[in-house]
Amino acid sequence: MRFLGKTTVAVAALMLAMPIAHARAADAAAGKAVYDKKCQNCHGADGKGDAKMEAKIKARTKLEIDGKSDEEMLKLLKEGKKPMPGYEKSLSAADIDNVWAYTKSLLGK
Ligand code: HEC
């Protein structure tokens with residue numbers, strides 16, 4: 001039981017340390033690889049959307065982030081918004097941060 005207690009403390013300490021590790025600068029270059037694989041088929045290589053995909057899913061695919069905060073956009077990336085899938089399960093938190101940094105750089109933000 002003593003051992004278990006120590007393990008619990010160690011796990012708790014690790015969980016506390018994670019947001020700090022998570023706060024490191026997002027890596028837009030690493031995000032490009034994620035974008036090219038997961039996002040460009042809908043949003044286009046340049047973020048300006050994809051006409052064929054728009055006809056197929058009947059939704060706007062040109063990226064527009066004006067006035068939205070990083071928090072709102074990261075939430076959207078994690079949870080999705082029909083017809084866009086959520087990436088919480090298929091991407092790591094770091095990948096989501098990175099792909100968001102890359103998306104912003106695409107739009108000159
Ligand atoms: C199946 C096609 C599809 C895929 C794949 C997709 N998206 Fe989207 N995405 C959409 C659509 C459609 C919207 C618009 C939703 C709305 O507001 O109606 C959207 C909205 C967004 C928005 C919000 C801004 C805006 O223009 O409304 C961001 C940011 C975004 N997508 C980024 C991404 C990123 C980054 C990826 C890859 C990790 C991705 N999307 C993958 C279809 C897609």
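Helices here are DSSP runs of H or I with at least four residues, and they're numbered from the N terminus. The model is predicted, with local features needing pLDDT of at least 70, side-chain atom pairs counting only at pLDDT 80 or more, and totals for chains, interfaces and linings using all residues. Residue numbers start from 1 along each chain as its sequence is written.

**View 1**

**View 2. Helix 2 crossing helix 6.** The axes of helix 2 (residues 28-38) and helix 6 (residues 93-106) come within 7 Å and cross at roughly 95° (axes are lines fitted to C-alpha atoms over the stretch in contact, with angles from 0 to 180 degrees between N-to-C directions). That makes the pair roughly perpendicular (65 to 115 degrees). The residues of this contact comprise 7 nonpolar, 4 polar and 2 charged.

**View 3. The two sides of helix 2.** Gly31, Val34 and Tyr35 are its buried residues (20 or more other C-beta atoms within 10 Å of their own; exposed means 12 or fewer). Down the helix 2 axis, these buried residues fall within an arc of 100°, so they line one face (the arc is that of directions from the axis to the C-beta atoms). On the other side of helix 2, Ala29 and Lys37 are exposed.

Definitions and conventions. Angles under 35 degrees count as roughly parallel, over 145 as roughly antiparallel, 65 to 115 as roughly perpendicular and the rest as oblique. Ala, Val, Leu, Ile, Met, Phe, Trp, Tyr, Cys and Pro count as nonpolar, Asp, Glu, Lys and Arg as charged, and the others, Gly among them, as polar.
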